[in-house]
Amino acid sequence: MYIRDTIAAVSTPPGNGGIGIVRVSGDRAALVGSTLFKPIKNGGLVSHRFSFGTIYDTEHDQIVDEAMAVLMCSPHSYTREDVLELHCHGGWLVVERVLALVLSCGVRLAEAGEFTRRAFLNGRIDLTQAEAVMDIIASESDSALQLAQQLRGGVLSQRLDGIRALLLHGLALVEAYIDFPDDDLGHLDSVAILTAVDDARRQIGDLLGSFEEGRVIREGIAVLIVGKPNAGKSSLLNRLLNENRAIVTSIPGTTRDIIEQKINFEGLTVRLLDTAGIRHTEDLVEREGISRTLEQIPRADLVLAVFDASADFTAEDQLILDAVSGRPVLAVMNKCDLPRRLQLPGSELFLDTVDIAALSGAGIDLLKQRVAARFLTGRGDSRDRVALSRARHRDALEVAARHLATFGENFGEQNLELLALDLRGALEGVGSVTGQAVNDELLDLIFSSFCIGK
Amino acid sequence: MMTYDQTYDVIVVGAGHAGCEAALAAARMGCRTMLLTINLDAIALMSCNPSIGGLAKGHLVKEIDALGGEMAKNIDATGIQFRILNTKKGPAVRASRAQADKQLYRLRMKRVLEQQDNLDLKQGEVTSLYLENSQVRGVEIRSGIRYLSQTVVVTTGTFMRGLIHIGLNNYPGGRAGDQPSIGLSDQLRTVGFSVGRLKTGTPARLDIRTIDLSKLETQWGDSPPQPFSFNTERITMPQVPCYIAYTNGRSHDIIRGGLDRSPLYSGVIEGIGPRYCPSIEDKVVRFPEKDRHQTFIEPEGLDTVEVYPSGMSTSLPIDVQIAFYRSIVGLERVEIMRPAYAIEYDYVDPIQLYHSLETKLIANLFHGGQINGTSGYEEAAAQGLIAGVNAALRVKGEEPLVLGRSDAYIGVMIDDLVTLGTKEPYRMFTSRAEYRLLLREDNADLRLRDIGYRLGLICEAEYASFVEKRQRIGCELERLSRTRLQHTEAECAYLSGKGLADIQKGTTLEQLLKRPEISYEDLVELDDVSRETLSGVREQVEIQTKYKGYIDRQLEQVAQAKKLESTKIPTTLDYNSIKSLTTEVREKLLKNRPGTLGQASRIPGVTPAAISIVSIALKSSSWKELAH
């Protein structure tokens with residue numbers, strides 16, 4: 001529900017930072033500004049001009065903070081409503097107090113994402129852009145930010161517009177031959193139709209292919225570290241995190257819970273999951289840990305199987321190989337600074353491996369690169385790449401792709417009516433991402449392409 | 001001004017294709033009805049092409065027939081060439097088309113009107129509506145009579161302020177040879193209607209005795225000819241051919257040479273013409289790369305030498321016309337019997353109508369046909385029928401008939417017209433129907449006959465034969481779903497001959513019929529009962545079985561769309577109070593005043609974001625407070 005009241009929130013991240021911004025949006029924004037903010041220079045706030053001054057608590061007759069303030073009058077603001085931003089010193093207490101003052105002026109605390117929602121409802125941004133802004137707020141790595149900014153700039157919309165134009169062209173050809181059978185249109189131009197539709201189908205395929213990469217960039221990947229006890233899982237994790245988060249001891253089985261940590265590999269957000277060592281055990285708690293590990297394996301985007309390269313291959317190592325069989329795996333040969341004794345069975349000849357020494361840090365950068373390379377395929381420059389990152393977009397394009405597949409099957413029959421139906425289905429799929437319908441554009445296209453009429 | 005001593009229930013102004021259907025529908029529904037025309041000898045006259053039907057138009061004619069209108073029966077009785085178009089492109093885009101004997105067509109319609117109970121036919125030019133407090137109470141005609149009525153249906157075609165153009169000469173006329181209607185559109189403008197100007201045109205009529213037919217391709221119709229009406233058993237009129245000719249480079253040079261005297265290109269004509277029905281000069285200018293344009297030379301009747309060259313309409317001066325037509329191979333010595341001309345006329349933007357075709361401004365006043373900005377006899381007749389039905393329902397105090405977009409092409413057309421309005425002559429295309437697979441010619445009776453019967457437009461005998469057909473279709477579908485192949489030698493041999501050696505024993509006839517290689521005709525070879533099935537039933541069973549998957553999918557879409565359609569927007573909704581709408585969208589919504597969210601979503605420029613805002617506004621309590 002959209003009631004046009006005035007909302008406010010702290011729009012910088014929680015914690016103590018150099019600067020803290022309180023943002024206000026709605027009809028009361030200007031009033032809040034004139035009530036709380038006292039510019040050093042005479043005169044009130046001028047739209048789109050920063051003013052320096054103080055935030056003043058009239059009730060307690062005291063200055064709360066020195067601050068910069070900017071008022072952006074409707075419609076030239078992020079939400080298209082009047083927006084006030086108060087840039088305070090970043091101390092958390094100060095920001096909290098400023099927000100409390102703002103809220104005391106008849107302003108409501110904004111819900112999560114409400115500024116963006118208003119921007120969307122006020123028509124400033126379309127649905128794909130709105131989703132992208134949410135992503136920017138939530139981005140956790142440079143790549144995710146870049147991707148989100150591409151979306152906001154409408155790159156996806158442009159790509160979809162291109163696909164739409166191709167499909168509309170194909171549909172216009174089909175519809176012209178349906179609606180104007182007695183007009184001298186020549187033979188049905190199957191080649192032109194197929195060319196346009198195939199091009200669209202290929203582009204949709206590319207976008208769908210990029211979905212996985214898009215999701216990886218946006219959500220990050222889940223990397224599960226498994227290995228027999230004492231193979232060096234926790235040392236590896238610590239090395240990757242550069243701090244002692246998990247307990248590292250030489251008593252096998254000390255890591256019993258799954259520990260999740262987010263880190264950044266080469267611009268890729270990685271959620272590292274450390275696990276209980278996998279071995280045969282009677283210890284109930286540890287068994288519970290192991291079964292949790294096994295449950296996690298299918299959910300991980302990548303499993304790092306850690307082996308002790310300085311020890312012989314054991315039944316426990318085999319247990320691990322069996323558990324990760326068929327999953328994306330990178331075999332990490334730890335302790336490679338010690339004499340090598342480990343020999344993987346011949347059946348694992350093609351296992352992707354990397355040698356490291358977790359304690360010294362040798363090979364860690366290579367490991368990071370190898371992980372990132374698996375997910376960021378780097379098809380061309382990533383800045384040119386439009387990755388599809390929302391499940392909603394993927395679903396809509398999959399609908400389109402399904403219709404185009406039926407189109408392919410129906411094409412030989414030359415049943416124009418069904419071909420038109422397939423193309424319309426595909427167009428609706430594509431249009432549902434950006435919210436465009438087919439309507440009159442089609443007729444415009446037919447009349448501009450064909451000389452029609454009795 | 002004399003006031004006539006009798007008060008009518010329904011007065012219909014104009015006896016073209018819309019007016020005839022409107023008057024017949026109202027009279028058949030038991031209303032005292034009068035049909036007024038400027039010329040009693042020009043009832044149901046085909047002012048342009050002597051044909052009925054074609055893509056989407058044939059669909060409209062079948063729907064008119066299913067609802068109890070007259071057009072289909074009239075063309076069946078007077079048609080001289082029948083063709084089914086698009087036979088190989090799918091069942092929903094198959095369409096009927098027929099050439100008419102123009103004079104017989106009009107005479108038969110006049111006879112039907114004359115024989116209709118409750119219907120008075122009178123000649124007179126309506127100069128104004130008789131209004132009282134934003135309600136129509138009757139009409140006034142030039143000869144000084146005021147006729148009173150409860151409702152009025154206006155179907156004036158091209159007559160309101162009609163202006164005929166031949167080259168740079170122009171003169172007032174409703175159609176070549178007829179007076180225009182002067183005064184009525186001025187009054188409509190004065191009471192507040194937005195009245196616009198459209199243009200259309202017609203080719204010259206040629207003397208077939210001066211055409212060398214041996215140089216042209218001959219095109220015959222289908223044999224046997226298939227009728228339009230669900231109640232016509234067979235076509236009994238003699239059938240004649242059309243001829244196909246082509247323009248050439250020299251023709252185009254002649255056209256280009258005359259453009260300086262074209263009213264279209266010199267700016268004399270201000271009305272907007274149809275893009276799908278361009279004049280030959282338009283075609284030559286817009287598609288300079290085309291080295292020829294096709295024309296069908298269509299007969300105007302059995303007992304006349306006049307023929308109609310389709311697609312060759314023009315408003316160029318007569319000397320250019322003569323040179324142009326004579327440049328066509330086979331027409332070197334052709335004599336023009338009536339010149340080609342363009343005509344401008346007033347129309348009333350249909351956005352000012354409810355879905356019932358009643359005007360929003362004046363109660364009990366209905367508009368149908370070209371006055372609503374449409375073109376085509378079929379489009380006109382369909383609207384006339386709905387306007388006549390709704391005028392009659394108003395008289396009876398009943399709810400109006402509104403067909404939905406998933407019910408009929410008629411529903412699509414009227415919804416397009418009243419929600420979007422039109423700036424150019426509107427013609428029906430199958431591509432305008434989002435549920436095209438459901439709106440087929442063949443099932444128009446299944447879609448609409450019940451409605452026609454309820455309205456009282458279908459006689460008992462016709463309805464009984466429909467009910468029987470529907471029941472047979474149901475039985476046959478059921479039978480096919482439970483009759484299984486026995487795998488006899490004869491069956492296997494027949495099926496392998498069709499390339500279907502792999503068909504399992506126990507396959508039902510329904511499953512078999514779904515195979516692309518199999519038609520109902522093949523079932524006749526395999527199964528004794530199928531042999532007995534009537535052809536209308538066969539057709540339905542085959543289509544419904546083969547296209548079941550697609551049909552079901554469209555039905556699902558209809559169900560989904562119904563949700564948006566069923567969200568009503570109160571007429572009192574104050575769009576100005578919804579601040580988050582952009583000015584552009586707000587203006588569109590204020591102008592169109594959509595009745596439902598579904599209608600709003602079809603207005604160009606109304607974005608999905610705007611729809612969600614309106615939908616939010618409808619739900620929000622703050623708006624509800626505003627509304628009361």
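This is a predicted model: local features need pLDDT of at least 70, side-chain atom pairs count only at pLDDT 80 or more; totals for chains, interfaces and linings use all residues.
Which strands of chain A does helix α1 (residues 29-36) lie across?

View 1. Residues are numbered from 1 along each chain as its sequence is written, chains are lettered from A and ligands numbered from 1 in the order in which they are written, and side-chain values use heavy atoms, with hydrogens and water left out. Helix α1 of chain A lies across β2 (19-25), β3, β4, β5 and β6 (83-89), and runs at about 65° to β3(A). Helix α3 (residues 114-121) of chain A lies across β1 (7-10), β2 and β7, at about 135° to β1(A). Helices (H or I, at least four residues) and strands (E, at least two) are DSSP runs, numbered from the N terminus; axes are lines fitted to C-alpha atoms, for helices over the stretch in contact, with angles from 0 to 180 degrees between N-to-C directions.

**View 2. Strand order and pairing in chain A.** The open sheet has 7 strands in the order β3-β4-β5-β6-β2-β1-β7, with mixed pairing. Strands β3 (37-39) and β7 (108-109) of chain A each have a single partner strand, so one side of each is left without a neighbour in the sheet. Two strands pair if DSSP finds at least two bridges between them. Strands β4 (residues 50-57) and β5 (residues 62-72) of chain A run antiparallel and are joined by 8 bridges; Thr54(A) stands opposite Glu66(A) in β5(A).

**View 3. Packing of α2 and α10 in chain B.** The axes of α2 (residues 57-67) and α10 (residues 409-420) of chain B come within 9 Å and cross at roughly 110°. The two helices, α2(B) and α10(B), are therefore roughly perpendicular (65 to 115 degrees). Contact (heavy atoms within 4.5 Å) involves His59(B), Leu60(B), Glu63(B), Ile64(B) and Leu67(B) of α2(B), and Tyr409(B), Ile410(B) and Met413(B) of α10(B).

**View 4. Strand β12 of chain B.** Of the 8 residues of β12 (residues 195-202) of chain B, 7 are buried, so the strand is largely enclosed by the rest of the structure. Buried means under 20% relative accessible area (1.4 Å probe, protein chains only). Strand β12(B) is joined by 8 bridges to the antiparallel β19 (residues 341-348) of chain B, and Val195(B) has Val348(B) as its bridge partner in β19(B).

Key: Angles under 35 degrees count as roughly parallel, over 145 as roughly antiparallel, 65 to 115 as roughly perpendicular and the rest as oblique. Buried means under 20% relative accessible area, exposed over 50%, partly exposed in between (1.4 Å probe, protein chains only).
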